[in-house]
Amino acid sequence: MRVVVQRAREASVTVAGEVVGEIDHGLVLLVGMTHEDTEKNVEFAAEKIANLRIFEDSEEKMNLSVLDTGGQILSVSQFTLYGDCRKGRRPNFMAAARPEHAEPLYELFNAKLREKGLRVETGRFGASMEVRLLNDGPVTLIVET
């Protein structure tokens, strides 16, 4: 499992001209699954991301998590995170999980974040999406399981 984590002041995702997910401040998560991923990977990633101390405290030190700040999550599935660009000019997506494996894990990942008390907005799995983001910092990290 690979998740690109971006701290955001605001963000939204649009499908076919309709805003389907929107947050005020928090984290934008671009979420990719591979064939070997399991519920254990999902639980680890949700716990890690919910508690990552990447928001500033009153002394401007990154000491607060999205939970501490009352932030929200915009979670967007993105199989292209497993695109292999080492050979040729067209990415190879063989490492990306098939939808029938990835979608239940993606839904479980979002549910695990919600269980922690986070508001989680999403895009639509498998859809062509437009993601709008005002990156805060910018702070961008990669969490891998």
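Is Lys48 buried, partly exposed or exposed? Lys48 counts as partly exposed, because its relative accessibility is 37%. Buried means under 20% relative accessible area, exposed means over 50%, and partly exposed is in between, with a 1.4 Å probe and protein chains only.

A word on the model. It is predicted, so local features need pLDDT of at least 70 and side-chain atom pairs count only at pLDDT 80 or more, while totals for chains, interfaces and linings use all residues. Residues are numbered from 1 along each chain as its sequence is written, and side-chain values use heavy atoms, with hydrogens and water left out.

Back to Lys48. Lys48 sits in helix α1. Helices here are DSSP runs of H or I with at least four residues, strands are runs of E with at least two, and both are numbered from the N terminus.

Next, the helices. α1 covers residues 39-51, and α3 covers residues 99-115. They pack at about 40°, axes 9 Å apart. Axes are lines fitted to C-alpha atoms, for helices over the stretch in contact, and angles run from 0 to 180 degrees between N-to-C directions.

Who touches whom? On α1, the contact residues include Val42, Ala46 and Ile49. On α3, they include Leu105, Leu108 and Phe109. Contact means heavy atoms within 4.5 Å.

Now the rings. The whole structure has two aromatic pairs. Rings of Phe, Tyr and Trp (its six-membered ring) pair if their centres lie within 6.5 Å; planes under 30 degrees apart are stacked, over 60 edge-to-face, and the rest tilted.

Phe79 and Phe93 are edge-to-face, with centres 5.1 Å apart and 65° between the planes. Both lie in the loop between β6 and α3, 14 residues apart. Phe93 is partly exposed, at 32% relative accessibility.

The other pair is Tyr106 with Phe125. Their centres are 6.0 Å apart and their planes are at 40°, so this pair is tilted. Tyr106 belongs to α3 and Phe125 to the loop between β7 and β8, so the pair ties together parts 19 residues apart in sequence. Tyr106 is buried, at 2%. Phe125 is partly exposed, at 27%.
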